[in-house]
Amino acid sequence: QPSPSISPVGLMSSSICNRRGLGLVEVVIAIFLTTVAVLAIMSMQPAAWKTAGRSDYLGRAAGIMYEELSRQEALIMNPCNAVTTGTTGPTAVFASGQTTVQPGDAQFNVTTTIASVATNVWRVTVRVAWTGHTGISESLVVTRQEGYRFPEGCTSQ
């Protein structure tokens, strides 16, 4: 008989903390829940790899696109350079930065379009695509800048 001075909470906590351990039913339920959780995580793995690969390609394509836009901008801003309108490409560019494909390399196709907008104003559009994807593109409006004249004393084009 419990003494009258022990509260009902004390009785419950003493019954929970017995020394019997876990029963077979509890162990089977714990194994089942763990198995379901592991299978759920494993089913997400292919989608995670696909997303990681896509983000890698997007990041590399964005870097290539930025480099091409910057290169075209620098060429056009220099009044000494002639500007040829039209579309060039697609040109193969490799993620390694090499001129030929390297083992495990990714190939991107770069297409550059330069269109005249007004006198001494051009729109440069660069599209970077890769196998299985239409690619990403960005446009930039570029004007001539006297501060970019090089070499000094050249005649304007």
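A residue counts as buried when its relative accessible area is under 20%, as exposed when over 50%, and as partly exposed in between, using a 1.4 Å probe and protein chains only. By that criterion, 18% of the 157 residues of the protein chain are buried. The model is predicted, so local features need pLDDT of at least 70 and side-chain atom pairs count only at pLDDT 80 or more, while totals for chains, interfaces and linings use all residues. Residues are numbered from 1 along each chain as its sequence is written, and side-chain values use heavy atoms, with hydrogens and water left out.

Begin with the whole protein chain, coloured by secondary structure. It contains two helices and four strands, in the order α-α-β-β-β-β along the sequence. Helices (H or I, at least four residues) and strands (E, at least two) are DSSP runs, numbered from the N terminus.

Next, select residues 24–77, which form helix α2.

Then display the buried residues of α2: A61, I64, M65, E68, L69, Q72, I76 and M77. They pack against β1 (86–94), β2 (107–118), β3 (121–130) and β4 (133–143).

Finally, centre the view on Q72, which is buried at a relative accessible area of 10%. Leaving aside neighbours within four places in sequence, Q72 is in contact with T112, I114 and V124, where contact means heavy atoms within 4.5 Å.
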